[in-house]
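Here is a short briefing on a two-chain model. Look at the chains below, then read on by topic.

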Amino acid sequence: MTEYVVEVSDLVKVYPGGVKGVDGISFVVRKGEVYGLIGPNGAGKTTTLRILATILQPTSGRALVYGYDVVRDAPRVREIISYLPEEAGAYKYLSGFEFLEFIAEFYAGSEEEKERMLREGVALAGLGKRIRDKIKSYSKGMLRRLLVAKTLMVHPKLAILDEPTSGLDVVNAVKVREAIRKYVRERGVTVLLSSHNMLEVEYLCDCVAIIHKGRIVAEGEPRKLVEEHGVSNLEEVFVKLVGGEL
Amino acid sequence: MVKAFKNLLLKEVKSIIRDPKMLIAMFVVPLIMIAVVYGFMGLAMRQQAEQALRESGVVAVIDLDNGVWSKKFIDFLRDRGIDVKMYRGSLDNIGDVMEDLGVKILYIIPENFSEALSSNRTGCIEYYVLFKSLTFMELGIHGRASNLINSFSENITRSITVKTGYPREFLEKPINSTARAVVAGKVVGDPLQVLSSIFSTSLVIPLAVFIMIIFIIQFAVTSMAVEKEEKMFETLLTLPINRMSILGVKLLVSVAIGIAYVLIYGAILIWFFFGAMGSPGETTSGPQFSLTLPPGTIEYMGVGLIGAVLFGLLVAFILSLFAEDVRTAQLVSNYALMPLIFLFFLPMFIDVSNLSYTVRTALALVPIANVSFIPKLMILGNYELGVLAGLSNIAYALGALAIAYKIVNSERIFTARLLQRIKARKGRSK
């Protein structure tokens with residue numbers, strides 16, 4: 001069995017029309033690690049996550065999840081991952097609980113397991129009695145919390161979170177961050193997330209890769225990166241590395 | 001797999017029942033509209049029929065005969081509760097006379113009417129019907145005027161039958177006829193029945209199915225577009241489920257709703273024709289396919305229709321991948337369906353017998369629309385082309401399934417956005 005949950009090597013994605021999504025990136029994610037891809041909009045974060053989530057296929061290079069090739073073994077990969085897209089929604093005419101039930105049904109092997117997933121999902125979402133309300137009545141923050149809950153409650157071997165706090169106000173962003181942090185520490189879930197919020201990544205991640213124009217320009221533990229570049233936080237590391245080119 | 005399929009199915013049903021957009025636009029409104037339109041038409045026709053009966057309750061008679069049989073006719077009318085207004089004035093303007101008398105029916109019994117009947121010759125009664133409103137009601141008045149003469153005529157036949165002892169059937173119709181249609185060198189049955197069989201099988205039945213196909217396609221496209229509009233499509237693609245199951249559930253739900261729609265539509269139609277317009281007993285019996293169509297016609301039409309439904313659905317699914325929202329999805333499917341609608345009505349205007357074998361073969365290969373050609377081709381002796389037409393739709397469906405499978409299992413399911421590309425291209429050209 002491979003020691004890495006994710007192994008990406010020389011990954012290239014060229015979209016129709018010649019636009020390069022990612023341009024030869026390589027990185028690994030270890031078991032139980034929270035790994036963050038950081039970079040500005042259009043850097044290639046979402047493309048990388050979509051390839052790992054088996055939605056897009058790489059032009060060249062290789063991406064493995066638990067040793068399974070994301071192209072060749074896509075159905076197997078889908079069984080062990082759980083993905084939260086940046087612009088995700090939910091069926092607005094279902095209640096929050098029905099939505100969690102809908103998702104749990106795909107992953108649970110038994111009724112007991114489904115019940116356990118639902119209990120954890122409801123707790124993770126933190127919506128109280130509103131979990132029984134129709135999703136169309138939810139605020140953006142409530143919806144995002146529900147979506148983070150649906151992604152994590154199924155105990156994936158790899159959770160892929162694309163901008164988990166995107167578009168949220170400070171209070172909701174903090175709640176989502178706390179929920180992720182608490183859950184992954186308790187359950188030992190491996191997480192690969194993307195964000196352009198450097199402070200969020202510094203707070204959540206064990207290891208980060210700074211992506212710029214489809215390439216990784218720096219990688220390592222957030223604290224070490226900060227020390228190596230003699231600055232006070234990741235934001236300053238990023239500005240120092242690519243600031244002049246933005 | 002079955003569990004995941006059931007889960008998706010349950011979600012679809014819940015969404016349809018709860019989503020007013022799906023429920024109202026795709027189901028409730030069309031049904032209410034159909035019910036209201038047919039209900040209104042039925043009510044209007046019933047009222048007009050009643051009015052026709054009322055207005056034909058007063059007739060004018062000009063008795064130029066003044067004989068025993070003309071008196072009998074007038075008594076016959078009165079016995080039926082009809083108010084008979086005798087007119088003896090000038091007939092320069094029949095319209096004005098009828099207007100003045102306030103009647104819609106005017107009978108003129110000519111001189112020698114009684115003499116003709118008494119000497120066993122056919123008598124003649126002339127009648128005029130005043131058409132003013134030019135509505136369905138006036139058709140009823142004409143029917144009543146004619147029926148009264150026919151009933152009187154039957155009475156005379158009955159009394160002659162009693163007097164002479166001749167069978168009534170003989171007196172009414174001494175010569176009978178048997179008609180046979182000859183198509184493609186073969187005697188195939190009663191001409192009227194042949195034509196009505198062809199009309200039914202090549203137009204009415206496929207038309208009902210075609211309405212269903214259009215509805216199903218619209219529904220399937222909308223249902224897939226809703227996934228994108230609700231931003232669930234990306235999540236759905238990463239769930240541990242065979243992607244073809246997603247397609248399968250969408251198609252299954254669309255077909256089920258399509259069938260329900262056609263059944264309800266059919267029930268309303270039957271209610272309208274047999275309930276609002278008259279009882280089923282008053283209608284003529286339908287065509288007997290087995291007597292007039294070559295064996296296998298209905299079977300191959302069935303195969304062709306199943307293939308057509310599947311092909312239409314799969315095309316709809318492929319089209320839905322090119323749309324990002326419900327509006328665009330419906331627009332795209334409408335554009336795709338328009339040529340098919342045109343082709344579908346071709347058999348009404350095309351004389352297949354005058355076409356070369358190559359053209360007939362080409363028509364047999366036109367997807368979906370070819371179903372309408374099957375009975376004509378079969379009757380004309382091109383049995384193999386009828387079979388080809390039926391089976392070709394299955395082949396098209398399998399081809400579309402292969403394309404759908406390829407798309408579903410590649411990134412194209414996510415990246416195919418035709419309209420966006422067109423817009424982008426237009427943007428670049430500006």
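Buried area is the accessible area (1.4 Å probe) that two parts lose on being put together, summed over both. Between chain A and chain B it comes to about 2,900 Å², with carbon and sulfur atoms giving 57%. The model is predicted: local features need pLDDT of at least 70, side-chain atom pairs count only at pLDDT 80 or more, and totals for chains, interfaces and linings use all residues. Residues are numbered from 1 along each chain as its sequence is written, chains are lettered from A in the order in which they are written, and side-chain values use heavy atoms, without hydrogens and water.

**Interface**
- Chain A puts 30 residues into the contact and chain B puts in 27 (heavy atoms within 4.5 Å).
- On the chain A side, A:Y91, A:Y93 and A:F106 lose the most area to chain B, together 26% of what that side buries.

**Salt bridges**
- Four salt bridges link chain A and chain B (a side-chain nitrogen of Lys or Arg within 4 Å of a carboxyl oxygen of Asp or Glu).
- One of them joins B:E411 to A:K13, with the closest N and O atoms 2.8 Å apart.

**Sheet in chain B**
- Four strands form an open, mixed sheet in the order β2-β1-β3-β4 (strands are DSSP runs of E, at least two residues; two strands pair if DSSP finds at least two bridges between them).
- The edge strands are β2 (83–86) and β4 (126–129) of chain B.
- β1 (58–63) and β2 of chain B pair in the parallel sense over four bridges.
- B:V58 has B:D83 in β2(B) as its bridge partner.
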